[in-house]
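Have a look at it yourself before reading on.

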Amino acid sequence: SDIRIKFKGVLKVENDSMTTETFSDLILLYNQVGVAKTRIGSEIATEKEGLLSTIDNKGTTYYFRGKINNNYLKLGDLLFRIVRINGDGTVRLVLENTIDGQVPYNSNPLAEGADVSSLVVFKDATVISTLNNWVNTKLAPYKSYLVNGDYCTDTSFNLDVNGTRYSSTYERIFNDEAPDLFCNGTISKLDVGLLNVDEIVLAGAAGNIPNTSYYLYNKKIEGNYLTTSSYSMNSQNGITMINVMSNGALGDGILITNESYIRPVINIGTNAKIKGKGTVDNPYIIVS
């Protein structure tokens with residue numbers, strides 16, 4: 001017998017391979033630029049505040065803040081979170097997790113005649129070798145899409161409190177509560193790095209307040225992880241860097257010779273063609 005079934009419906013066809021000219025175009029297409037719902041620097045962001053804007057050394061930068069669920073990108077089997085669109089149109093990402101093991105920020109001896117503050121300069125720190133090994137091993141197929149990023153470190157320790165000198169970054173973040181992506185310190189131009197504390201505060205952290213709701217918090221990270229931002233120098237020239245605790249709060253500084261976890265940061269260039277929606281189930285991916 002000839003059985004025929006009739007049905008009515010709407011067939012939706014979506015070209016999933018469609019991309020815009022740059023990665024930043026796609027991010028701006030899916031996210032309306034808004035304003036902060038909380039006081040940046042003094043209040044944590046626990047709700048989705050979305051994509052906001054400020055300036056960095058290269059122009060207008062757009063950054064995610066709060067409980068974000070559409071800033072995922074996947075490279076191979078590695079999952080990243082989009083931190084911001086840099087002022088030059090490149091896109092900064094941080095690994096969702098930490099890499100295996102813990103390392104010191106810098107265990108190098110002080111060079112003869114050098115100022116002790118030089119030990120915080122990121123490009124000369126021993127952590128760089130671990131980061132370079134990771135990017136060369138894990139992201140080799142994607143190296144053509146990676147570009148140098150600007151990684152800022154403050155070498156000024158001018159605030160003296162009972163013999164401990166605190167950095168200008170400490171003053172800006174913990175005293176003034178005024179994060180700033182316009183670097184006034186030493187810029188290291190590298191193809192892999194770490195977050196600075198200003199990026200972390202703009203993302204939703206504030207001082208020593210725990211925050212398990214903003215997108216940089218990951219319950220799988222069970223210890224503190226490093227930043228490129230200096231904290232203090234004591235009377236014995238012991239230098240500490242700002243770290244992020246396992247509860248999402250900013251730490252009280254960790255000695256540069258002590259071991260911590262690291263979350264690599266990379267920057268995707270404007271030559272990358274991207275598809276996806278940025279969700280954990282449909283993350284952005286690079287297409288050839």
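My entries below go from the whole chain to single residues.

**Ground rules.** I worked from a predicted model, where local features need pLDDT of at least 70, side-chain atom pairs count only at pLDDT 80 or more, and totals for chains, interfaces and linings use all residues. I number residues from 1 along each chain as its sequence is written, and side-chain values use heavy atoms, with hydrogens and water left out.

**Entry 1, overall build.** I found 4 helices and 17 strands in the chain; these are DSSP runs numbered from the N terminus, helices being H or I with at least four residues and strands E with at least two. The radius of gyration is 21 Å, close to the 19 Å that the globule rule gives for 288 residues, so the chain is as compact as a globular protein of that length. For the record, that radius is taken over C-alpha atoms, and the globule rule is 2.2 Å times the number of residues to the power 0.38. I also boxed the C-alpha atoms along the principal axes and got roughly 95 × 40 × 35 Å.

Of the 288 residues, 51% count as buried. Buried means under 20% relative accessible area, exposed over 50%, and partly exposed in between, with a 1.4 Å probe and protein chains only. Taking a contact as heavy atoms within 4.5 Å, I see that residues 24 or more positions apart make up 65% of the contacts with a separation of 6 or more.

- Lys 189 pairs with Asp 150, with the closest N and O atoms 2.8 Å apart. Lys 189 sits in strand E10 (residues 186-190) and Asp 150 in strand E7 (residues 149-153), so the pair ties together parts that are 39 residues apart in sequence. Lys 189 is exposed at 51%, while Asp 150 is buried at 18%.
- Arg 172 pairs with Asp 198 at 2.9 Å between the closest N and O atoms. Here helix H3 (residues 168-175) holds Arg 172 and helix H4 (residues 197-203) holds Asp 198, so this pair joins parts that are 26 residues apart in sequence. Both partners, Arg 172 and Asp 198, are buried.
- Glu 43 meets Arg 39, and their closest N and O atoms are 3.0 Å apart. Glu 43 is partly exposed at 27% relative accessibility, and Arg 39 is exposed at 55%.
- Asp 56, Arg 84, Arg 92 and Glu 199 are linked in a network of salt bridges.

Which loop holds Asp 77? I placed Asp 77 between strand E3 (72-75) and strand E4 (78-85), where the residue is exposed at 69% relative accessible area. Asp 77 and Lys 138 are 61 residues apart in sequence, yet their C-alpha atoms are 9.2 Å apart.

Asn 237 has phi near 65°; its place is the loop between strand E11 (225-233) and strand E12 (239-244), and Asn 237 is partly exposed at 43%.

Key
Salt bridge = Lys/Arg side-chain N within 4 Å of Asp/Glu carboxyl O.
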